[in-house]
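This report describes the surroundings of a few selected residues. The sequence and structure come first.

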Amino acid sequence: MDYTHEVPHSNLLVVRADQPFNAEPTAAALVEFPITPEELVYCRNHGPVLEYDEEAFTVRVDCPQGSRTYTAKELKDAFPRVEVVSALQCAGNRRKEMDQVKKVQGVLWDDGVICNARWAGVPLRDVLLEAGVDAQALAGWHVCFASHVTPCQDDNDYGASIPIAKAMSPEEDVLLAYEMNGQPLSPDHGYPLRVVVPGYLGARWVKWVDTIYLSPEESPNFYQQRDYKVLPEEVDTKEKAAPVWSKVPSLTTLPLNSVVGSVTRTGPDTIRVKGYAIGCGDVQVAKVELSIDDGATWHEARITYQEGKWSWTLWEALLEHVPESGVVYSRATDAQGHVQEREGKWNMRGVAYNPWGRGKW
């Protein structure tokens, strides 16, 4: 692939791969900001990152009633602008930890491939309604997205899909976004147009989206069918995986999770612990607890930020009477009473890992 015209990237990220550019901030930096600054938003790519002109960039919408092509600017002008605060998380968040249990395949991300942003754009539902889509008549179908404008590692283009019920529900807040945190998207994050699917893993949030179509089947793209799935634990090679991919459901939501972002000593026997947590889908985090005695006793942290049903949760706690050194664990409980488990489930691709968060002092 040609990286001659690659755009410059933030220098505040830890680079995990140069070509394609994949990089993340530290969790310690992330937890200082309820809304993640642009320069701390992780970058996940499968090809070169290029800059496009919104007046020339087009998106084609195909449905049973016909097709329509818009420039990114026409789309922005033709439909109302709406905002949604939503966390965006890569399915490979914490993969490096899983790799320490048993080797996995993929970029060895730490715990910084997550952000929380204020997205603005056009409701996908409005665009599909304008095209004449009848969600009831197409019950069980899928809305497929693709980006053909940049080369891709494992397929001819990058593609994904979501159920039509998700796309067409006004409560699900799915957008064709052109802004992040009040500013136009940068090329790194999908300028001039990307999909925003609150509550779903980042792999479905297609950047530089130029094609939208409806299908009775999920997207046939590599990244929908042969990646981003939790394979059975006994599948630990590509050869074993080959006949299994089609039998395993594609990931949509990611599991309840919490991470210790920083541990700071504030006195001879006190520490301040900060971190983030994120619920599954639209089920928010209800509480976060910390333990310094390997889970024997727990102390509830103070939630310092939540916004709506799609945001992450920031939390912190001041722990007293701690020894000179030790380990602190975090666990989250969601609004439905589900509790984050101590151990995560190993899988070959290292996705959806969510054991207790862990920090040291």
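Val-195 is buried, as its relative accessible area is 0%; buried means under 20% relative accessible area, with a 1.4 Å probe and protein chains only. The model is predicted: local features need pLDDT of at least 70, side-chain atom pairs count only at pLDDT 80 or more, and totals for chains, interfaces and linings use all residues. Residues are numbered from 1 along each chain as its sequence is written, and side-chain values use heavy atoms, without hydrogens and water.

Val-195 belongs to strand 11, strands being DSSP runs of E with at least two residues, numbered from the N terminus. Leu-124 is 71 residues away from Val-195 in sequence, and the C-alpha atoms of the two are 8.5 Å apart.

Asp-188 lies in the loop that runs between strand 10 (183-184) and strand 11 (194-196). Asp-188 is buried without a salt bridge, which is defined as a side-chain nitrogen of Lys or Arg within 4 Å of a carboxyl oxygen of Asp or Glu. The nearest side chain of opposite charge is that of Lys-207, 5.7 Å away.

Glu-289 sits in strand 15 (residues 285-291) and is buried, with a relative accessible area of 11%.

The table gives contacts (heavy atoms within 4.5 Å), leaving aside neighbours within four places in sequence.

| Residue | Contacts |
|---|---|
| Val-195 | Phe-145, Leu-175, Leu-176, Arg-204, Trp-205, Val-206, Val-209 |
| Asp-188 | Pro-8, His-9, Cys-43, Asn-45, Val-49, Lys-207 |
| Glu-289 | Trp-298, His-299, Glu-300, Ala-301, Tyr-329, Ser-330, Arg-331, Thr-333 |

Methods
Helices (H or I, at least four residues) and strands (E, at least two) are DSSP runs, numbered from the N terminus. Buried means under 20% relative accessible area, exposed over 50%, partly exposed in between (1.4 Å probe, protein chains only). Lys and Arg count as positive and Asp and Glu as negative; His and the chain ends are not counted.
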